[in-house]
Amino acid sequence: VYQPALLTAMERLRALHYRALTAPTPMPWHHDCRVMLHPRDGLSRILATSGFYEPHELMVLKKLLQAGDTFIDCGANIGFYTLYAASLVGKTGRVLAFEPSPREMKRLQENIALNTLPQITTFTCALSDHEGEALFSIADGAGENTLADSFAYTDTGLTERVTVQLHTLDNIAEEHSIDNVKLIKIDVEGAELQVLRGAKALLARLRPALLFEVFPAALLRMHTTATEIDEYLRAAEYQFYSINPVTAEWPALTSLQGIH
């Protein structure tokens, strides 16, 4: 999907059908979920063409989450991980989805409304290592919004800047009586370390698995590095693994340095 020349004939046909889309349209997805496809939208194009979005990472959710578990989605975007996790943890589980962008939150709630998933709770805020507020840059394409002063991809355009609330996961966990977290997914365009620092007590108390992105260019814009994340999580006695994008296997890593 990222390299159109490699698409199969069926994927090319799906891409053609997607280009003809003129209005938001629900698409059947995994575990009887439905997702709303929007015209001229990058994430919708990927989903319509392949039927998946980051399938090797969704496999991690499938392997780790069971009925009754709690999943936390930091940087939920329009909800692919949120919906998939909700289908796995079931009505007895919980999903907490954090998304600061009003544009993405609107589509996230639209996708939740398409499905009967009362186990999902949404939070329109950014997660950090302190409480407060900050300016948030909304990109012209979904998935690149950031708390940084500039985007990690230099060709990304700015749509607008909005003021968002900042909260820590530790405070959220206390306020909402969270005592059973199996997995936390963090994709926050370079603010991963700040989110982790704001979850220090939660990590020590509940020991959840962590699924997060290491993108050096985005980290640099938030004045952090992969080495700092490495040192912080090793001090918390975490072990690192890298997800193979083809097999979804998890070979162990000796260090986060050099990861792209």
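Which residues line the largest cavity?

## The cavity

The largest cavity is lined by Glu 144, Thr 146, Ala 148, Ser 150, Phe 151, Ala 152, Glu 189, Ala 218 and Arg 221. A cavity is a set of points, on a 1 Å grid over the protein atoms alone, where a 1.4 Å probe fits but cannot get out; lining residues have an atom within 4 Å of a point. By class, this lining holds four nonpolar, two polar and three charged residues. Here Ala, Val, Leu, Ile, Met, Phe, Trp, Tyr, Cys and Pro count as nonpolar, Asp, Glu, Lys and Arg as charged, and the others, Gly among them, as polar.

The largest cavity holds about 30 Å³ of space. Grid points are joined across faces, edges and corners, and the volume is the space filled by probe spheres set on the points. The count is one cavity of 30 Å³ or more.

## The model

This is a predicted model: local features need pLDDT of at least 70, side-chain atom pairs count only at pLDDT 80 or more, and totals for chains, interfaces and linings use all residues. Residues are numbered from 1 along each chain as its sequence is written, and side-chain values use heavy atoms, with hydrogens and water left out.

Three strands form an open sheet in the order 6-8-7, with mixed pairing. Strand 6 (126-127) and strand 7 (132-139) stand at the edges with a single partner strand each, so one side of each has no neighbour in the sheet. Strands (E, at least two residues) and helices (H or I, at least four) are DSSP runs, numbered from the N terminus. Two strands pair if DSSP finds at least two bridges between them.

Strand 7 pairs with strand 8 (residues 158-167) in the antiparallel sense, over eight bridges. Ile 138 has Glu 160 in strand 8 as its bridge partner.

## A covered helix

Helix 4 (residues 80-89) is mostly covered: nine of its 10 residues are buried. Buried means under 20% relative accessible area, exposed over 50%, and partly exposed in between (1.4 Å probe, protein chains only). Among the buried residues are Phe 80, Tyr 81 and Tyr 84. Just after helix 4, Gly 90 takes a positive phi of about 70°.

## Two loop residues with positive phi

Most residues other than glycine have a negative phi. Arg 207 has a positive phi of about 50°. Arg 207 lies in the loop between helix 8 (200-206) and strand 10 (209-212). Arg 207 is partly exposed, at 39% relative accessible area.

Glu 237 also has a positive phi, near 65°. Its loop runs between helix 10 (226-235) and strand 11 (240-241). Glu 237 counts as exposed, at 69% relative accessibility.

Conventions: On a 1 Å grid over the protein atoms alone, a cavity is a set of points where a 1.4 Å probe fits but cannot get out, and a pocket is an open set with protein on both sides within 12 Å along at least five of seven lines; lining residues have an atom within 4 Å of a point.
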